[in-house]
Structure formats: structure tokens, C-alpha cells
Amino acid sequence: MSVPVNLTAIVPEHVSPEEAAFAGLGAIAIHALRTADLRFGESAVVVGLGILENITAQIAAAATYPTLGYDLNTERVAFLKQCGVSRSYDKQEDLEAGLAEATGGSGADSVLLCASGNGEELMNSSFNWIRDRGKVVVVGDLTTEFSRGKMFGKEAQVLISRAGGPGRYDAQYERDNIDYPLGYVRWTEGRNTLLAEKRIHIRSLISGIYPIDRVKEAYEGYLTPSTTMGTLIRY
């Protein structure tokens with residue numbers, strides 16, 4: 001398999017191939033946080049705690065943003081707590097109480113929606129969770145119907161995070177290897193690949209490793225809501 005230079009990253013010696021396999025998901029998580037444009041001390045709520053969301057919350061916490069996680073799946077909430085994000089909740093009222101405590105009642109600076117499906121209720125709730133002029137970042141495959149009145153009331157920003165960052169879906173970048181000048185585009189899809197300092201827990205996210213002839217079994221772990229997080233295919 002031939003991989004374009006702009007999509008290739010050197011794996012440090014102390015990083016295992018199993019961990020490095022998740023670098024692409026990490027780039028998506030990092031770009032979502034860059035889209036939120038959080039500054040030092042600002043807070044984030046990460047909604048939906050599957051593997052992408054878990055990585056997003058861990059990176060946000062490692063960057064010292066006050067971070068809260070929310071998912072209806074109690075096991076995923078407990079797992080994120082084990083990864084070091086203590087403010088993780090499976091009930092909306094608990095999230096709102098934790099958010100009030102963490103922000104002094106002003107609301108989060110940003111809510112990152114990593115869930116999928118019908119997003120109207122979640123979008124409207126997010127406007128309640130953010131501060132005045134806060135941001136709602138849609139990361140997952142979520143519909144974007146929402147109340148204009150709620151958005152207007154906060155003068156909120158609704159943003160879309162597209163994959164791993166600048167360069168994604170650009171044939172000149174991905175196929176022809178024409179990079180963007182660093183002075184103009186600091187963080188591209190390739191430059192968002194960061195894993196060397198081990199500030200987040202990746203190995204614990206690996207639920208299973210399957211040989212290629214058992215790939216159907218590997219995918220079956222995602223057919224219903226479960227504790228399955230990251231699955232690797234060995235070939």
C-alpha cells in the first residue's frame with residue numbers, strides 16, 4: 001500500500017504499532033478541539049463517549065481545559081473516569097450540576113457533539129450548557145435542526161469539524177503531496193498527528209485484536225451498544 005507523504009508520520013520507538021494505529025482518530029479529535037478554538041483555562045463538554053469521544057476528552061484534559069464527558073452508557077462514563085476525566089456523567093441533571101460547579105454557573109465555553117442521529121434535542125440542550133457567545137461544535141454524524149431562539153439568546157456559534165483538519169478531501173494535498181506553508185496553515189491533517197508524549201491512554205482503549213480472517217467477528221462488536229471501544233485488525 002502506497003501512502004502519500006503528507007499522510008505519513010514517523011512512529012517514535014517508544015510508541016507501539018497498536019497505539020499508533022489510532023493516530024488518525026487522534027487527528028480528528030485534535031482538529032475538533034482546534035475548531036472549538038479553546039484557550040488556556042476554557043472549558044469543554046464532550047458528548048458521546050465512544051472511542052473518538054474518549055480520545056477527544058482525554059486530549060482536552062491533557063491540554064488543561066476543564067473537561068466534562070456525557071454519555072447515556074454508564075460503562076463508557078466509568079471508563080472515561082478511569083482514563084482520568086473525573087467529571088463524566090450518564091444523567092443530564094448530573095452533567096448540568098457538574099457544569100455549574102466547574103464553571104461557576106456561567107456555562108461551558110464549548111460543547112463538542114460527537115454523537116450521531118437526530119440532533120435537535122441535543123443541539124438545543126447544548127445551547128443551555130454553553131456560556132453567552134459560546135460554541136457548539138458538531139463532530140459526529142448528527143442532524144443540525146435546532147431552535148433559532150435558543151441560538152439567538154446566546155449569540156452562539158455552531159461549527160462543523162471536518163475530519164482531521166486542513167488538507168482533508170483536498171486532492172492536491174492528499175494525492176499530489178503539495179503541503180500547505182506552515183506559516184499560513186500551522187496545523188494540517190498531517191501535522192495534527194501527535195502521539196509521542198503519552199499524555200493520553202490509548203492501549204486501554206483496545207478492546208480486541210483480530211486476525212484478518214475474523215474481521216466479521218470484529219465488526220459484530222459494534223452492532224449493538226456495548227463496551228467495545230477500539231478494535232484492531234492484524235494482517
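Predicted model: local features only at pLDDT ≥ 70, side-chain atom pairs only at ≥ 80, totals over all residues.
Student: Why does Gln58 count as buried?

Tutor: Gln58, a residue of helix α3, has a relative accessibility of 4%. Buried means under 20%, so Gln58 counts as buried. Leaving aside residues up to four places away in sequence, Gln58 touches Leu80, Cys83, Val85, Ile200, His201 and Leu205.

Student: How do you know whether Ala163 is buried or exposed?

Tutor: Ala163 is in the loop between β6 (157-160) and α8 (171-174). Its relative accessible area is 19%. The limit for buried is under 20%, so Ala163 is buried.

Student: What makes Tyr169 count as buried or exposed?

Tutor: Tyr169 is also placed in the loop between β6 and α8. Its relative accessibility is 54%. Exposed means over 50%, so Tyr169 counts as exposed.

Student: What is to be noted about phi in Ala163 and Tyr169?

Tutor: Most residues other than glycine have a negative phi. Phi of Ala163, however, is positive, near 50°, and phi of Tyr169 is positive as well, near 70°.

Student: What makes β3 and β6 the edge strands of the sheet?

Tutor: The open sheet has 6 strands in the order β3-β2-β1-β4-β5-β6, with parallel pairing. β3 (88-89) and β6 each pair on one side only, and they are the edge strands.

Student: How do you know that β4 and β5 pair?

Tutor: Two strands pair if there are at least two bridges between them. Strand β4 (residues 108-113) and strand β5 (residues 130-138) have 5 bridges, in the parallel sense. Ser110 stands opposite Lys135 in β5.

Student: Which helices pack on the sheet?

Tutor: Helix α3 packs on the sheet and touches β1 (44-47), β2 (67-70) and β4; its direction makes about 165° with that of β1. Helix α5 (residues 92-103) packs on the sheet as well, touching β1, β2, β3 and β4, and its direction makes about 175° with that of β2.

Terms used. Residues numbered from 1 in each chain as written. Heavy atoms only, no water. Helix = DSSP H or I, 4+ residues; strand = E, 2+ residues; numbered from the N terminus. Buried < 20%, exposed > 50% of the residue type's maximum accessible area, 1.4 Å probe, protein only. Contact = heavy atoms within 4.5 Å. Axes fitted to C-alpha atoms, helices over the stretch in contact; angles between N-to-C directions.
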